[in-house]
Amino acid sequence: MEEDTLPQLFLRNVNQYRDRVALREKDLGIWKRVTWGNYYKHVRDFAMGLKTLGFEPGDKVAILGDNCCEWIYADLAAQSLLGIAVGIYPTDVAGQVKYILKNSDSKFVVARDQEQVDKVLQVKDELPFLKKVIVIDMKGLRRYKDPLIISFEETEKTGRTLHEQMPNFFEESIRSMRAEDVAIIVYTSGTTGDPKGAMISHKGMISMVRGLSQILDFRSSDSVVSVLPLCHIAERMFSLIFPMYVGYTVNFAESVSTLQEDMKEISPAAFLNVPRIWEKMHSNIMIRMQDAVFFKRWVFKAMVPIGERVSQYRLENKPVPLHWRFLNWVAYLFLFRALKNQLGLLQTRIFVSGAAPLSPDLIKFYHSVGVPVRECYGMTEMSGISFMPKDHEIRVGGVGKPIPGVEFKLGKDGEIFQKGDSVFVGYYGNPEATKQAIVDGWLHTGDVGQVDEEGILYLTDRKKDIIITAGGKNIAPSEIENKLKFSPFIKEAIVIGDRRKYLSCLIQIDLENVSNWAQNNKIAYTTYKSLATHPDVNKLIGKEVEEVNKHFSRVETIKKFKILEKELDPDDEELTATMKVKRAVIEKKFKDIIEAMYR
Amino acid sequence: MDQLEIKNLTLEFGGIVALQQVNMKVRKEEIHAVIGPNGAGKTSLFNCISGVYKPSEGDILFEGNSILNEKPHQIASSGIARTFQNIELFRHMNVIDNLLLGRHHRFRSGPLTGIFFYGRALREEIRHRQKVEEVIDFLEIEKVRKKIVGALPYGIQKRVELGRALAMDPKVLLLDEPTSGMNVEETEDIARFVLDIKEELEVTVIMVEHDMGMVMDIADWITVLNFGSKIAEGTPVEIQADLKVIEAYLGGGD
């Protein structure tokens, strides 16, 4: 049998690996293992259970909750029955959940716990299609009388009974699948307007993973920790698509709050995350170093420059001289090894950052301490990643070359167009938007970039985010913003200046690090607001801004800035669920503050 | 059947009467709140139930049997666990050890087998650790399981103390001001846990609480004390309309 779809690959793995560990999940403090054989039973039983509840080919199953084994079972089960799985961010509020359930015509919802169930029940009257809410963890729900609710366990049980009656149905269903079938709908985080549901086919995912696996060296003996929300295409790729293709083990942390600890215990082979997390890890290191004893601080100060020098040789693809290699080994023994262990990345071979540009200073820092992070370029509409640098193609700010199977070209204004089997099928229920996105097979990404003489792509910014000042100069705000965010005191920066005389900036301070600084400097404060409005904090941030300004030409410097008096929050629609800034919302919401900076 | 029955309970310290002829019935699996102004005798009542104070008159029946003459540790073993108004944890031990102490009375292996940590001692340790982990999962404190208690934020310490009481596998749980000193969010968390304790673990909860919002939201039955006497009892709706209660809280109109 040709394996053209994820469930077909799944069957292959089950036959090939049977008793090997496919999944681990930490429960009650212990890593519980699921072999490929048991994995198969869960997916099969749940799929048959869905069938008893009235599931038909083409139906959608929405999955709502933090990452866990059942998330993946439900995902594969829906696909195996020729259905479509729709992931929803666990942090979404009831209104956003309603929007996606309605927009995707979901008949079934798989919800992780009481918190998620409550969101669905709150809006169920407006969802006429909804047939069942299947609950993974019934804690606190046993007294709910709503007939919509059924437990995951119960569904598997009825499924097992049905399987005994029709033992061939499940595998036959999988064999009848076609590569062109839509497998999942992924809602784009929507930095502009409402989220749109991108339909992704099996063909798209498999051609993406086929291309990418020629660049990233995954082995079936590897282990990976599921860190980002599974409804995000990047995590789907690492926790579902890649393991189906390669057969490695996926680990689920005990809870979102214990992720860092659990990472340390597994030490995954690959670590992919968004810039926000890379930034946070860096500022945590810096703060801990400030509080460390003298000797540790000295080691840190002495060893990092060694790494810097060595990483520079490596980035330029030059051989590292022997004495530097020796010094780097010493630095590894003294510092880098412990540091990587702290981060839970001791065994990691593949470090990737994606979804937004990572500050060049951060990239250099990570490379010096032996964490050669590479930036990739991907998007939901390309079924995941489409540009990934090979080992010798890693450049600061560059995202490498397209993966095998993807073609690209640049438009007149620098916009990136991509083509290939991994281009998505279209936006669900929105042919207008699809027509705008795909023209003659070319995906219009809305991102602007440049290519150097080696053919490596450098991203400039989102096309619509580029600032054209009143003086007519084009400026990419993300470059300046990333420089600012490299400061441990600045968590978020939004540069403003489109059609204006000069650039200004809204800044959100990093509560943890600034309050630490305030305590060391004996500055009294009570809340985020009192800290943000404190004149000394304003001075501190002013210094940081000045420092950043030195790196840019005169038109690109920040003339005025203002510290936001509240923290940006996805619940207030200021950030997307992946913590990307929604520029338009913020510019509207803080209009008065912005106007005041130009008066 | 009433799980806990308090009959004509009177407690005196010299000339001061802390409790006077208090009668109270607690049904199985209910959340029973005890409220009243400061000095009304709420904590004294708890101390009588858990055997710290000996009342001068009256009786306390737990599942039909009097526990009046039993020692505090015997009462605890029979299934009545409690938390304290001010946190009473072992500050220099970690969370797991504190919770394991809640199961101390159930350990049967002696120090000698403990030294070799083999056979029964090992099996027992695993069994109790399993229970402790279930409590940790229930209260969502996985992140701090290996942290030293003294270094934890106040709200989490309160949760750990609740966890130690739960680790005892109680039938009745006495909570003395579970939300004192907490912010709104922490209070809501505790309210949710108390409801889950009743519904998931099927444990009867008796709590002293000053946060009236929480009491009115989650209590099934309320007993009001004032100057050591019971002045009212009933459902939250009844209590809110009771003139005597309003008088006790806001002062008399005469």
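Two residues are in contact if their C-beta atoms, placed from the backbone, lie within 7 Å. Keep that rule in mind for what follows.

This is a predicted model, in which local features need pLDDT of at least 70, side-chain atom pairs count only at pLDDT 80 or more, and totals for chains, interfaces and linings use all residues. Residues are numbered from 1 along each chain as its sequence is written, while chains are lettered from A and ligands numbered from 1 in the order in which they are written.

Start with chain B. An automatic or database domain assignment sets the domain bounds. Domain 1 covers 1-79 + 170-254, and domain 2 covers 91-169. Their C-alpha centres lie 27 Å apart. Where they touch, 10 residues of domain 1 of chain B are in contact with 9 residues of domain 2 of chain B. On the domain 1 side, two or more residues each come from α2 (72-78) and α7 (184-199) of chain B. Helices (H or I, at least four residues) and strands (E, at least two) are DSSP runs, numbered from the N terminus. The largest share of that side, 3 residues, belongs to α2(B). By type, the domain 1 side divides into 6 nonpolar, 3 polar and 1 charged. Here Ala, Val, Leu, Ile, Met, Phe, Trp, Tyr, Cys and Pro count as nonpolar, Asp, Glu, Lys and Arg as charged, and the others, Gly among them, as polar.

Now see how the chains meet. 10 residues of chain A are in contact with 10 residues of chain B. The chain A side holds 1 nonpolar, 5 polar and 4 charged residues.

Turn to chain A itself. Its secondary structure comes to 21 helices and 28 strands. The C-alpha trace spans about 75 × 60 × 55 Å along its principal axes. Of the 599 residues of chain A, 47% count as buried (20 or more other C-beta atoms within 10 Å of a residue's own, with C-beta atoms placed from the backbone). Among contacts in chain A between residues at least 6 apart in sequence, 65% join residues at least 24 apart.

Finally, pick out two helices of chain A. The axes of α12 (residues 294-315) and α14 (residues 360-368) of chain A come within 7 Å and cross at roughly 105 degrees. Axes are lines fitted to C-alpha atoms, for helices over the stretch in contact, and angles run from 0 to 180 degrees between N-to-C directions. α12(A) and α14(A) are therefore roughly perpendicular to each other (65 to 115 degrees). A:Val304, A:Gly307, A:Glu308, A:Ser311 and A:Leu315 in α12(A) meet A:Lys364, A:His367 and A:Ser368 in α14(A). These residues divide into 2 nonpolar, 4 polar and 2 charged.

Key:
Angles under 35 degrees count as roughly parallel, over 145 as roughly antiparallel, 65 to 115 as roughly perpendicular and the rest as oblique. A residue is buried if 20 or more other C-beta atoms lie within 10 Å of its own, exposed if 12 or fewer, and partly exposed in between; C-beta atoms are placed from the backbone.
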